[in-house]
Amino acid sequence: MHPVDFFMGLMSTDIGIDLGTANTLVCLPGRGVVLSEPTVVAVRPGTNKVLLGGKAVGNTAKAMLEKAPDTISVIRPLKHGVIADFDITEALLKYFIQKVHKRKWGLRPRLIIAIPSGITAVERRAVVNSSERAGAREVYLVSEPKAAAIGIGLPISEPVAHMIVDIGGGTTEVAVLSLGDIFTHVSLRVAGDEMDESIVHYVRNNYNMDIGYRTAENIKLEIGSAYPMEEEVTMDIKGRDTISGLPRATVMSSEEVREALRGPVDHIANAVKTVLERTVPELASDLLEYGMVMVGGGSLLRGLDKFLAEETGMAVRIAEDPLTAVARGTGILLENLDIYKDVLQNEEVEV
Ligand SMILES: Nc1ncnc2c1ncn2[C@@H]1O[C@H](COP(=O)(O)OP(=O)(O)OP(=O)(O)O)[C@@H](O)[C@H]1O
Ligand SMILES: [Mg+2]
């Protein structure tokens, strides 16, 4: 990087944010992703007062999830990629922006925020309002698949079709991009959270045992898969017997977890097929040539790439560092606002 660019990067107050259902990432132009923390806030129940003097946000708050006494309420302010709790989202944005900007805060930054492509005008407005109240001078919105495509370096402005499959915590977005814009897309409210929920249900129905969502997520991360594994494995799990109410342990196999994940995984595969069906033949032939790229945490589910390849007959690749693709895209947009103005234009909302 040229030293002047580096200096500009340090001076700049611009901030790119991937406000995700599960994780929020902050990217600074010239510096890359500087923060990645869970989208979780702990407050005093019935108030918007963030605990620990405003610091119970992100990692600190996630550690409290499902373990908090009645005097603490731990909130995930986004549901399926959209803001469900405005005040809490604002507190979260404010905290993260201050954390990365420290003393420069007085300068009021320009923000680029990545949002799901399927959200309504009212929901977009909500994101802008929260950012504005969190101190932003100007807010630009960019759809997540577009930011992801830019983040992983796809030449989206060319007349060639590319397909992005972003599987996050609350939403799966499947989009075909060409000439800088989204050609077809499907947003699905089925992603990582739904997988965790399916595991909770499976364990309840098959083992008469209640487990928490964090345990379910750990099971998914440790032994979850979408395609038969070379070596199937087992895991000890702990929960509470639904009949006796007492703590109990059992062993779960990776085959069982795969069966539990069948529903959400099929949903995702169907969304990809729907988008392919809606894509005009000229673009479809590009897709056949270049395949699809997966981003988001859910893309890391073992064998999901293989499963989707088999279901669609297309090549599937997982982006490098899939969890940061969207955030990196917002950083690249900020670094090249003049070039990408067109890409942003129809998404721009100034406040
Ligand atoms: N190795 C893995 N295998 C399976 N799932 C994973 C893995 N790593 C992370 N995940 C899941 O990815 C999800 C989080 O992904 P990501 O951070 O991309 O979501 P998000 O951007 O916050 O959500 P959204 O885009 O839906 O608003 C969580 O459900 C998490 O459990
Ligand atoms: Mg996301």
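In this predicted model, a polar side-chain atom of E217 comes to 2.6 Å from an oxygen atom of ligand 1, a polar contact being a pair of N or O atoms within 3.5 Å. K220 likewise places a polar side-chain atom 2.7 Å from an oxygen atom of the ligand, and a backbone N or O atom of G169 lies 2.9 Å from an oxygen atom of ligand 1. Taken alone, ligand 1 exposes 660 Å², of which the protein buries 90% (Shrake-Rupley areas, 1.4 Å probe).

What surrounds the ligand? The shell holds 21 residues, with T21, A22, N23, E217 and K220 the closest; a residue counts if one of its heavy atoms lies within 4 Å. By type, these residues divide into 5 nonpolar, 12 polar and 4 charged, with Gly counted as polar.

Turning to the helices (DSSP runs of H or I, at least four residues), α7 (192-207) and α8 (213-223) each supply at least two shell residues. The most come from α8, with 3 residues. Domain 2 (158-190 + 263-322) and domain 3 (192-260) each provide at least three residues of the shell, the bounds coming from an automatic or database domain assignment.

Residues are numbered from 1 along each chain as written, and chains are lettered from A and ligands numbered from 1 in written order. Local features need pLDDT of at least 70, side-chain atom pairs count only at pLDDT 80 or more, totals for chains, interfaces and linings use all residues, and side-chain values use heavy atoms, without hydrogens and water.

Conventions: A polar contact is a pair of N or O atoms within 3.5 Å; within protein, one must be able to donate a hydrogen and the other to accept it, and residues adjacent in sequence count only if both atoms are side-chain atoms.
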